[in-house]
Amino acid sequence: MTTNTNKPQSMEAILGDIVYPALEEILSAKEAAIEMSETTVLFGEGAVLNSLELVSFIVLAEERVNDNLESGGITLTSEKAMSRSSTPFRTVGTLAEYIDELLQEEAAV
Amino acid sequence: MSVPVTVITGTRKGIGQYLARYYADLGHSVVGCSRNEADWTHDRYDHIVADVADEADVKRVFKHVKKKYGRLDNMINNAGIASMNHSLLTPLSTVTSIFDTNVKGTFLFAREAAKLMMKHRYGRIVNFSTVAYPLQLTGESIYAASKAAIVSFSEIAAREYAEYGITVNCVGPTPVMTDLIRTVPRAKMDDLIARQAIQRMGTFEDVANAVDFFIRKESDFITGQCLYLGGV
């Protein structure tokens with residue numbers, strides 16, 4: 001597990017400590033086993049999550065991000081995320097990149 | 001069952017302080033907040049200086065709750081401000097400030113509370129409206145509009161959070177003698193009370209009784225409701 005810090009984390013840590021465990025927790029409730037990778041689709045056509053599962057997943061991922069921050073924490077569903085032409089919640093990989101971006105901004109504050 | 005954990009906003013004085021002391025006396029672990037330090041203490045009460053409309057401040061409150069207790073059972077969104085004025089004479093800054101505290105504050109605390117509650121699939125959120133909304137009181141258009149927004153938000157959040165075992169309800173108090181109404185002329189207050197089925201001022205105990213009902217474990221089939229006091 002990563003240490004409690006406001007410093008940016010590596011992409012491996014973001015995937016391994018934040019995105020995959022959060023997704024695994026949601027997918028564990030499903031009957032069919034789903035393999036996770038950076039191309040796993042989270043939102044839109046071909047998504048492995050329904051809309052309610054996506055909400056729960058984002059809350060879980062945000063909690064995992066914030067557990068590693070000294071500050072109150074960030075909000076994944078920011079205005080910035082919602083106004084982009086392509087959503088950062090589309091795949092595991094795009095979400096990890098977006099979290100990395102937010103953590104870099106948080107560290108710069 | 002373990003000790004209930006309860007967050008209450010606007011606890012420095014008035015109804016918020018009463019509720020914080022009341023639930024702490026009942027054995028709850030209470031976390032409260034206001035824009036200034038509290039001048040009272042209780043063994044089971046933590047006070048955090050926070051602006052309810054500031055997202056970073058709100059997140060800080062819940063970080064404290066999560067770190068210290070790991071869960072949250074009850075969220076009581078009491079913090080609110082009012083301004084009595086004819087809408088033709090109401091400056092925009094007043095509108096912004098009333099909506100910031102009443103609507104943004106309620107939204108932020110409900111959202112962050114639900115995130116913490118959903119993990120344990122249990123939670124009670126009680127928001128505060130007012131009888132000024134159904135009574136359509138003149139001179140209170142912006143205050144009543146902000147409290148109407150809280151009712152509407154609560155009704156929809158109730159449906160969105162039901163999946164996670166969280167109920168969302170509103171209490172709509174009549175006037176209670178607090179700083180919020182101290183400047184309202186007596187004649188206006190008498191007119192308002194005359195429109196209630198039970199014609200008297202509300203008390204802190206009346207409000208606590210309604211909150212008690214909504215946060216009971218047995219109230220798990222009651223959500224999206226607004227309970228107006230005084231028979232309004």
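Strand β6 (residues 166–172) of chain B is joined to β7(B) by 3 bridges, and the two run parallel. Strands are DSSP runs of E of at least two residues, helices are runs of H or I of at least four, and both are numbered from the N terminus; two strands pair if DSSP finds at least two bridges between them. B:Cys170 has B:Cys226 as its bridge partner in β7(B).

This is a predicted model, in which local features need pLDDT of at least 70, side-chain atom pairs count only at pLDDT 80 or more, and totals for chains, interfaces and linings use all residues. Residues are numbered from 1 along each chain as its sequence is written, chains are lettered from A and ligands numbered from 1 in the order in which they are written, and side-chain values use heavy atoms, leaving out hydrogens and water.

The open sheet of chain B has 7 strands with parallel pairing, ordered β3-β2-β1-β4-β5-β6-β7. Because β3 (45–49) and β7 (226–228) of chain B stand at the edges with a single partner strand each, one side of each is left without a neighbour in the sheet. On average, neighbouring strands of this sheet are turned by 15 degrees against each other, direction ignored. Axes here are lines fitted to C-alpha atoms, for helices over the stretch in contact, and angles run from 0 to 180 degrees between N-to-C directions.

Helix α2 (residues 55–69) of chain B packs on the sheet and touches β1 (5–9), β2 (29–34), β3 and β4 (74–77) of chain B, contact meaning heavy atoms within 4.5 Å. The direction of this helix makes about 150 degrees with that of β3(B). Helix α6 (residues 204–215) of chain B lies across β4, β5 (123–128), β6 and β7 of chain B, at about 150 degrees to β5(B).

Between the chains, 16 residues of chain A are in contact with 11 residues of chain B. About 1100 Å² is buried between chain A and chain B, with carbon and sulfur atoms giving 45%; buried area is the accessible area (1.4 Å probe) that two parts lose on being put together, summed over both. A:Val59, A:Glu63 and A:Gly72 supply 37% of the area that chain A buries against chain B, more than any other three residues.

Chain A and chain B share 5 salt bridges, each a side-chain nitrogen of Lys or Arg within 4 Å of a carboxyl oxygen of Asp or Glu. B:Lys66 meets A:Asp67 in one salt bridge (2.7 Å, N to O) and A:Glu63 in another (2.8 Å, N to O). A:Glu63 lies in helix α2 of chain A and B:Lys66 in helix α2 of chain B, so this pair joins two chains.
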